[in-house]
Amino acid sequence: LFATQTLRLAYDCSPKRFRAQFLCLLNRAAKAEAKRQNDCVRGTWRLVMQQFPELGFIQQLWDKLRERVWTLDEEPSPEPAEAEADGEASGGREGEEGKPD
């Protein structure tokens, strides 16, 4: 179904925001199948990827994002509670003392 020319034509005629959603859906479906099958997908996915070569770009984009965003920091950042405690120790609001309500 996804490898048909009719679906490709519908994809080409749709607005760009829907194209991106459709490509992300196909990518997620392929990744889910690969995960369930030990990084192996059925041969029909080859036809889908030939019909939608943009899937390769989407996968590269996700890989680059994952590489940049989902990395562990060497040093942990300060706890948010510590930063809030520092603000409360100085009185919380600055410059509002003596103003009438």
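This is a predicted model: local features need pLDDT of at least 70, side-chain atom pairs count only at pLDDT 80 or more; totals for chains, interfaces and linings use all residues.
Welcome! Residues are numbered from 1 along each chain as its sequence is written, and side-chain values use heavy atoms, leaving out hydrogens and water.

**The overall fold**

- The protein has five helices and zero strands, giving the pattern α-α-α-α-α along the sequence.
- Helices (H or I, at least four residues) and strands (E, at least two) are DSSP runs, numbered from the N terminus.
- Of the contacts between residues at least 6 apart in sequence, 57% join residues at least 24 apart; a contact means heavy atoms within 4.5 Å.

**Surface and interior**

- Buried residues account for 17% of the 101 residues in the protein.
- Buried means under 20% relative accessible area, exposed means over 50%, and partly exposed lies in between (1.4 Å probe, protein chains only).
- The protein exposes about 9000 Å², and carbon and sulfur atoms supply 54% of that area.
- Accessible areas come from the Shrake-Rupley method with a 1.4 Å probe, and for residues only the protein chains shown count as cover.

**The salt bridges**

- Searching the whole structure turns up four salt bridges.
- The opening pair, D63 and R66, sits within helix α4, the two being three residues apart, or about one turn of the helix.
- D63 is partly exposed at a relative accessible area of 40%, and R66 is partly exposed with a value of 40%.
- R8 pairs with E54 in another salt bridge, where the closest N and O atoms are 2.8 Å apart.
- That pair links distant parts of the chain, as R8 belongs to helix α1 (residues 5-13) and E54 to helix α4 (residues 54-69), 46 residues apart.
- R8 is buried, its relative accessible area being 13%.
- A network of salt bridges links R8, D12 and E54.
- R42 and E33 also meet through their side chains in a salt bridge, at 2.9 Å from N to O.
- In this pair, R42 counts as exposed at 55% relative accessibility, whereas E33 is buried at 13%.
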